[in-house]
Amino acid sequence: VSIKIHLIFAKQTKTKEITIVESKGTFSIFKKQGTSKEDYDFSGLLALRQVLSNEKARMINVIKLQKPISIYDLAKKLNRGFKSVNDDIKLLEHFGFIELIKEKTKNRTRYRPEVIIDNILINIKV
């Protein structure tokens, strides 16, 4: 009798949780006690919609699958202007979806975008 054992190692996933609450007929982002202002700095659903737009979803997908070496490389892969991509990257970094990894080359410093979450969990309390 032989027994085969298969071990499956799953990398640890990081989930970004956003809670939206209804208050007096409007939705707002719930700020948990003990968190810093930048964790929940949305001014309502419009800001959340801007962060989770189709263009930013495409950007996250390209970063995750194509692994651009810099923001400029990402802009080329997306066929978008550097400034607009850079602005979107800063927003995604601010809200904790990506991280910019500082890398030094011969004469330059570049920032490689890296997705640092695997899941986004949105809770809506009514």
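I take buried to mean under 20% relative accessible area, exposed over 50% and partly exposed in between, with a 1.4 Å probe and protein chains only. The model is predicted, so I keep local features at pLDDT of at least 70 and side-chain atom pairs at pLDDT 80 or more, while totals for chains, interfaces and linings use all residues. I number residues from 1 along each chain as its sequence is written, and side-chain values use heavy atoms, without hydrogens or water.

**Helix α4.** I name helices (H or I, at least four residues) and strands (E, at least two) from DSSP runs, numbered from the N terminus. Which residues of α4 are buried? I find V85, N86, D88, I89 and L92. They sit on the same side of α4, because their arc (directions from the helix axis to the C-beta atoms) is only 165 degrees. Just after α4, I note G96 with a positive phi of about 85 degrees.

**Core.** A nonpolar core here is a set of buried Ala, Val, Leu, Ile, Met, Phe, Trp, Tyr and Cys residues joined through side-chain atoms within 4.5 Å. The largest has 20 residues, and M59, L74, V85, I89 and F97 touch the most other members. Two or more residues come from each of α1 (45-51), α2 (54-66), α3 (71-78), α4 and β3.

I looked up F97 too: beyond four places in sequence, its contacts (heavy atoms within 4.5 Å) include I18, V51, L92 and I117.

**K102.** I place K102 in strand β3 (residues 98-104). Is K102 buried or exposed? K102 counts as exposed, at 52% relative accessibility. Leaving out residues up to four places away in sequence, K102 touches T109, R110 and Y111.
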